[in-house]
Amino acid sequence: MRHLPTFATTAPGRLRVAEDGPARPAGRCRMEALITWLDWMEAWRSRLWPQRLAFLDGWMLLLPALLLVAVLVVGLVEIVDMSLRSLDRATFLLGEDWTLANYAAALSRRATWVIGWRTLWASLVTTVLTLALAFPYAYALVRTPNAAWRRFLLVSLFLPFFLGQVVRAYGWLIVLGRQGLVNSLLGLAGIEPWPLIYTPPAVVLGLVQYMLPFAVLMLAPAMTAIPEELELASASLGAGWVRTFTNVVLPLARPGLVAAGVVVFTLTFTEYAIPQIMGGGKFDFAAQAVYEAWFSTSDAGQGSALAVLVVLVSTGLTALMLALLGGRAAAGRVGRAAAADLSAAGMTAAGTGAAR
Amino acid sequence: MRGERGKQVLITAVVLFDLLFLALPTVIILLASFTSGSIVRFPPEGFSLRWYVELVSGGAFLDPFGRSLLVATLATLFAVPAGTLAALALARWRFRTAGLIRLWLLLPFTIPLVVAGLGMMALFGELRILGSLWPVGLACCIINLPFMLWAVSAAVNHLDPELENAAANLGAPPLHRFVTVTIPAVMPGIVTGGLLMFILAFNEFLVSLMLTDARTVTLPVQIYTSIRAVITPDLAAVSAVYVLVALLAVWLLDRLVGLDLFLRAR
């Protein structure tokens, strides 16, 4: 209305149109409808939400998001509750009383430890390989003076980023399968088919390819923050590029590397689809063990105990890695992601989420 | 500079390898989907669109495709208002417990997906809402909600609070200010977040696997359960649809906010 200058910004050109056309330009009509509507809403707002409640405004805006997350937390509480009840084999119901029997059973089984170590090792190998492949990509992305090339690199990164695990794993099945691309090429060269799929290297390959875009997208902003002048200065002082890299670039990129590493590790540690599809059920990860216990053995108590163990171990390992590698800078970076500044650590958060 | 060539060669080599590595599954899916044979073989048996024709003329994937679209739309519709309002509240209001609130809102990223899925499955089962599609959309919204918050937060932080103050000075009441100043200013963040929410929900597998049954199965779950030892081109054609959607999303993201946004130092 009168009090809103933004609505008075009808361009002179448009007004001229209005003179020889209909009385009012359409844009202006729409604006007035919006204002009327807003005034009406404003009136309702002040009736339903009197001024004395204004101190709650912020909380009202937060409420929907807080409630959505609460659904997740209630679910988690249910899992913890179920993990503390053991299955009655006679009735196939969970018991009334709380007991640690599920945890004792899980920890005394050899399979738990085998799967645990396998998941841990595979996650470590995946993390190291992913970072090694992501670092030069992020560097090229940030440093290239060629805009078209940067654009190509970005599109090549985002396209797989927007494809889910199942589709990508299926692509790898076509490449690595028994009658897949690689084996057909080997066949043309007269080499016997090689069992490529359903092997541990295939699982790691799939995981690295899945994690690569996240790692690059987390490293790139950290890389942008390193001024190129520092590298040039180091070179002009006589350092070769290897020395510049190890003494200048790497230390400055360390917080980004640690953050990316922690996210890739955590995501890999709890990954389900890729080890399931590319491992063929022979190299189960922790998440698969949880799923199996729930749906194959139908023991919700046991499955829940394993689920809680996965949460505890992955959280514990994240904290440990930050304590060992982080130093203050990286801990601050990921710490912000966990608790403080949502947007500053956005990519940390983004990485964790999208990897699913 | 000494040895600069060595550095260039090394970086270029790794980047070219990465490009091939990133593109290989996508390219191979597209190639396989155009075969005329009934299994995928190399070299391909000839070019045809028969698997795409089969896809749209009924078959097992049409309904799941529609369901996935619905789930992704619902997740986006839930997340956009909730995430936008929360991000604005965190940026514009002072909360004594701000740290705790942020920690709470980041929980969906710190709880492993398999555990989040099981928890919601147990909860939705007790509420007797398993078997409909909207809880799947709700679940996809919850597990990816921090994305929406992140996208809008980044946009709010680049917004000058004086804009809103100026509008207030000129007498605009709160809702007017919100709709005509704040929302348009953070629109790039809302668009980025909404797009991410849609794509992630459209691709969501594990949580859908737990929350759907035979009548409500979504597309990624349908693809997963159709994977057999022999590679059939019908799956490649469905996967190619995903590639198409991803391409569309990249194009939209680039057009609306620009991919360079993700390189910005924070």
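Buried means under 20% relative accessible area, exposed over 50%, and partly exposed in between, with a 1.4 Å probe and protein chains only. The model is predicted, so local features need pLDDT of at least 70 and side-chain atom pairs count only at pLDDT 80 or more, while totals for chains, interfaces and linings use all residues. Residues are numbered from 1 along each chain as its sequence is written, chains are lettered from A and ligands numbered from 1 in the order in which they are written, and side-chain values use heavy atoms, with hydrogens and water left out.

**Chain A as a whole**

Select chain A. Of its 356 residues, 52% count as buried. Colour by secondary structure: the chain has 15 helices and 2 strands. Helices (H or I, at least four residues) and strands (E, at least two) are DSSP runs, numbered from the N terminus. Contact means heavy atoms within 4.5 Å. Among contacts in chain A between residues at least 6 apart in sequence, those joining residues at least 24 apart make up 67%. Chain A exposes about 16,700 Å², and carbon and sulfur atoms supply 69% of that area. Accessible areas come from the Shrake-Rupley method with a 1.4 Å probe; for residues, only the protein chains shown count as cover.

Go to A:Gly116, in helix H5 (residues 110-143) of chain A. A:Gly116 counts as partly exposed because its relative accessibility is 28%. Draw a distance from its C-alpha atom to that of A:Leu252, 136 residues apart along the chain: the separation is 34 Å.

Next select A:Leu107, A:Trp113, A:Trp117, A:Trp121, A:Leu124, A:Val125 and A:Leu129, which form a nonpolar patch on the surface with about 730 Å² of accessible area together. Patches are made of residues with over 30% relative accessible area and no salt bridge; like charges are joined within 9 Å, and nonpolar side chains (Val, Leu, Ile, Met, Phe, Trp, Tyr) within 5 Å. A salt bridge is a side-chain nitrogen of Lys or Arg within 4 Å of a carboxyl oxygen of Asp or Glu. H5(A) gives the most to this patch, with 6 residues. A:Leu107 sits in helix H4 (residues 101-108) of chain A, and is partly exposed at 42% relative accessibility.

**Aromatic rings**

Show the rings of Phe, Tyr and Trp (its six-membered ring): they pair if their centres lie within 6.5 Å, and planes under 30 degrees apart count as stacked, over 60 as edge-to-face and the rest as tilted. The count by this rule is 25 aromatic pairs over all chains. One of them is A:Trp294 with A:Phe295, a tilted pair at 6.2 Å centre to centre and 40° between the planes. A:Trp294 is buried at 11% relative accessible area, whereas A:Phe295 is partly exposed at 34%.

Move to chain B for B:Phe34 and B:Phe47, a stacked pair with 5.3 Å centre to centre and 20° between the planes. Both residues lie in the loop between helix H1 (4-33) and helix H2 (50-56) of chain B, so the pair ties together parts that are 13 residues apart in sequence. B:Phe34 is partly exposed at 27% relative accessibility, and B:Phe47 is exposed at 63%.

Then select A:Phe158, A:Phe161, A:Phe162, A:Tyr210, A:Phe214, B:Trp150 and B:Phe262, which form one aromatic cluster.

Back in chain A, A:Arg47 lies over the face of A:Trp44, at 4.9 Å from the ring centre. A charge sits over a ring if NZ of Lys or CZ of Arg is within 6 Å of the ring centre and within 35 degrees of the ring normal.

**Positive phi in two loops**

Most residues other than glycine have a negative phi. A:Tyr198 has a positive phi of about 60° although it is not a glycine. A:Tyr198 is in the loop between helix H8 (181-188) and helix H9 (200-224) of chain A, and is partly exposed at 29%. A:Ser298 also has a positive phi, near 55°, and is found in the loop between helix H13 (286-295) and helix H14 (300-338) of chain A. At 41% relative accessibility, A:Ser298 is partly exposed.

**Chain B**

Select chain B, which has 12 helices and 0 strands. Its C-alpha trace spans about 70 × 70 × 35 Å along the principal axes. Of the 266 residues of chain B, 56% are buried. Its accessible surface is about 11,300 Å², with 67% belonging to carbon and sulfur atoms.

End at B:Glu164, in helix H7 (residues 161-169) of chain B. B:Glu164 is buried, at 12% relative accessible area. Not counting residues up to four places away in sequence, B:Glu164 touches B:Arg92, B:Leu159, B:Arg177, B:Val181 and B:Thr182.
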